[in-house]
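Morning, everyone. I'll take one structure today and walk through a few of its details.

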Amino acid sequence: MDRIPKIYPGGARVGKEELDAVTTVIETQRLFRYYGPQEGPSMVDAFEASAANRLGVEHVQAVSSACGGLICAFAALGIGPGDEVIVPAFTWVATASAVIGVGAVPIIAEIDESLTLDPEDVVSRITNRTKAIAIVHMRGGSARLKELLKIAKEHRIVVIEDTAQAFGGTYGGKSLGTFGDVGVFSLQFNKIITAGEGGLVVTQNRQLWERVAMVHDVVGGLRNGIPDELAIPGLNFRMGELQGAVANAQMGKLDGILTDMRLRHRMISERIAPHVEERGGHFRFQPDPEGDTGLSLTFFLPTIDEARFAVDALLAEGLPVMNLYRDKVDYHVASDWVSILAKRSWSNSGAPWSNGLPSPEYTRDDWPRTLDILWRSVHLDVSPDLTMSQVDQICEGFKKVLLSGSL
Ligand SMILES: *Cc1c(COP(=O)(O)O)cnc(C)c1O
């Protein structure tokens, strides 16, 4: 049987373009974004310009990671001690850690079958301390943006779009990450395009960008022509030129990757749809199927046992599938965010949970609907590099397993 590769969409396409760009950085010895022994253009500048152009956004800031980018975004929006930020119970733990990073408290909400924030549950968790919602576009598909943006507007809270898993996805034809006050992208190795590590913060608001720039660079104000009266303390989440070189080369590959993932995603979902239905299952809810990146394909079966049995049988057929949550510890699921559930932080005082304000009690089973949805899921990674014979193999595998009487 043809072995289906593990999925690293951009990572598996690293090649000559990245090598040439990195070689230029080495040859010019310009390893630092802002200066070097020789004059020359900055790779990070070039990456920012191509990202701004491709995403259709006014202001962008390359950063060292999306986690760092989230910290810049929350800080830029003035979120800090005493504030609450709503995050989904299914996201990479970084979304919640970054909230704690600025001294605020994460309030963890249920997901629905879109695999991300359930708007009704979000509303039920809003208090007078809620300052922001972190909307996360999971596994390459968009959140319910229309409903969530409406809620944010009604309650006058700001929106951060964590687009780490959906670079290049759209909603109503517009790039994900450009709807909220600030959007954050990741270039870590598992993501759609990659520089190994790296991130990007985007906004249409010049003042917010200035604040992001200052947080991302200890002397950001000085370097970016921002007057002293506006200066806020900075940290260091800068991107280096080697990363910038790879990131810029990967930007050039984004559309090819998306085209190839979308084609394979469509072929597979069309062919397996009747079998999923026969088993009483249904696909993930897609708020905008046209804008999906094609990165992954998820359906839900009626019971947890059926979902587990199907995944075991599909794995035996050599398919790259999983249940989105099972028995293994997984930092994508709030139930496994042990340090957060225990309300531990870096502060001996117990902050941010001990600042005299009411503080949430978290327990592992606070999100029963989220867990049920994840347990009943069957999830397939869709590599842009699947050959047509591998696509056939995947479809045949699903057909065989979903039609088998023992399921
Ligand atoms: C990967 C990821 C992050 C963190 O990205 P890093 O670049 O690794 O810091 C944040 N949020 C989500 C949803 C992610 O998938």
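How far is the sulfur of Cys72 from the closest cysteine sulfur? It is 10 Å away, in Cys67, and that is too far for a bond. Remember, a disulfide is a covalent bond between the sulfur atoms of two cysteines. Here I call a pair of cysteine sulfur atoms a disulfide if they lie within 2.5 Å. By this rule the count is zero disulfides.

A word on the source. This is a predicted model, where local features need pLDDT of at least 70, side-chain atom pairs count only at pLDDT 80 or more, and totals for chains, interfaces and linings use all residues. Residues are numbered from 1 along each chain as its sequence is written, and side-chain values use heavy atoms, with hydrogens and water left out.

Back to Cys72. Its relative accessibility is 0%, so it counts as buried. Buried means under 20% relative accessible area, exposed over 50%, and partly exposed in between, with a 1.4 Å probe and protein chains only. Cys395 is buried too, at 4%.

Now helices. Helices are DSSP runs of H or I with at least four residues, strands are runs of E with at least two, and both are numbered from the N terminus. Two packed helices are described by the angle between their axes and the distance between the axes. The axes are lines fitted to C-alpha atoms, for helices over the stretch in contact, and angles run from 0 to 180 degrees between N-to-C directions.

Take helix 3 and helix 7, residues 206–216. Their axes come within 8 Å and cross at roughly 130 degrees. That makes helix 3 oblique to helix 7. The cut-offs: under 35 degrees is roughly parallel, over 145 roughly antiparallel, 65 to 115 roughly perpendicular, and the rest oblique. Who makes the contact, meaning heavy atoms within 4.5 Å? From helix 3 it is Cys72, Ala75 and Ala76, and from helix 7 it is Leu208, Arg211, Val212, Val215 and His216.

Second pair. Helix 1, residues 16–28, packs against helix 9, residues 241–251, at about 150 degrees, with the axes 8 Å apart. That makes helix 1 roughly antiparallel to helix 9. Helix 1 brings Glu17, Glu18, Ala21, Val22, Val25 and Ile26 to the contact, and helix 9 brings Glu241, Leu242, Ala245, Val246, Ala249 and Gln250.

Next, helix 4, residues 94–101. Is it enclosed or open? Six of its eight residues are buried, so helix 4 is largely enclosed by the rest of the structure. The buried ones are Ala94, Thr95, Ala96, Ala98, Val99 and Ile100. Their cover includes helix 3, strand 2, strand 3, strand 4, strand 5 and helix 12. Just after helix 4, Gly103 takes a positive phi of about 85 degrees.

That brings us to the backbone. Most residues other than glycine have a negative phi, and most peptide bonds are trans. Arg139 has a positive phi, near 50 degrees. Arg139 sits in the loop between strand 4 and helix 6, and counts as buried at 13% relative accessibility. Arg156 also has a positive phi, near 55 degrees. Its loop runs between helix 6 and strand 5. Arg156 counts as exposed, at 78%.

Last stop. The peptide bond from Ala351 to Pro352 is cis, with omega near 10 degrees. Find Pro352 in the loop between helix 12 and helix 13. Thanks, that's my tour.

Methods. Contact = heavy atoms within 4.5 Å.
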